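Dear colleague,

A summary of the findings follows it.

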Amino acid sequence: MTPQLDFIGIVVSDMAASLAFYRRLGLEFPPDAENAPHTEATIIGGLRLALDTEDTVRSFHPDWQRPTSGGRVGLAFRCADPAEVDTVYAAIVDAGYHGELKPWDAPWGQRYATVADPDGNGVDLYAPLG
């Protein structure tokens, strides 16, 4: 058997804050997950995005330390069209999250923007131009 990518895991500092962020991007987590040490959302093709609290990771990896900067995980959400990139970016920033890169027309043919999740991980928003 060839190993298959099954889920992407993110260690979070604040489960409720991370859930609020990723729910704004359309991911569906269980309704009572804010106090859970681990939760998952199933996305296209059965792939799962898992969120684990720092304490959960330390329960099986006692020497784990919080990274000192973000940028260790990159996620990208495809939008329906360039206008949706702008709309989603504005909604995320208006909700108080950090806008890393304002929407722009990238030379590779996409409308592109980057926001940061509550732990500083970059989350890209994109759509093909034209």
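At 31% relative accessibility, W104 is partly exposed (buried means under 20% relative accessible area, exposed over 50%, partly exposed in between, with a 1.4 Å probe and protein chains only). The model is predicted: local features need pLDDT of at least 70 and side-chain atom pairs count only at pLDDT 80 or more, while totals for chains, interfaces and linings use all residues. Residues are numbered from 1 along each chain as its sequence is written, and side-chain values use heavy atoms, with hydrogens and water left out.

W104 lies in strand β5, residues 99-106 (strands are DSSP runs of E, at least two residues, numbered from the N terminus).

The whole structure holds five aromatic pairs (ring centres within 6.5 Å; planes under 30 degrees apart are stacked, over 60 edge-to-face, the rest tilted). One of them joins F21 and Y22, which are edge-to-face because their centres lie 4.9 Å apart and their planes stand at 85°. F21 is buried at 0%, and Y22 is likewise buried at 0%.

W108 and Y112 also pair edge-to-face, with 5.5 Å between centres and 85° between planes. Here W108 is exposed at 51%, whereas Y112 is buried at 16%. Ring pairs link W104, W108, Y112 and Y126 into a cluster.

Yours sincerely

How values were computed
Helices (H or I, at least four residues) and strands (E, at least two) are DSSP runs, numbered from the N terminus. Rings of Phe, Tyr and Trp (its six-membered ring) pair if their centres lie within 6.5 Å; planes under 30 degrees apart count as stacked, over 60 as edge-to-face and the rest as tilted.
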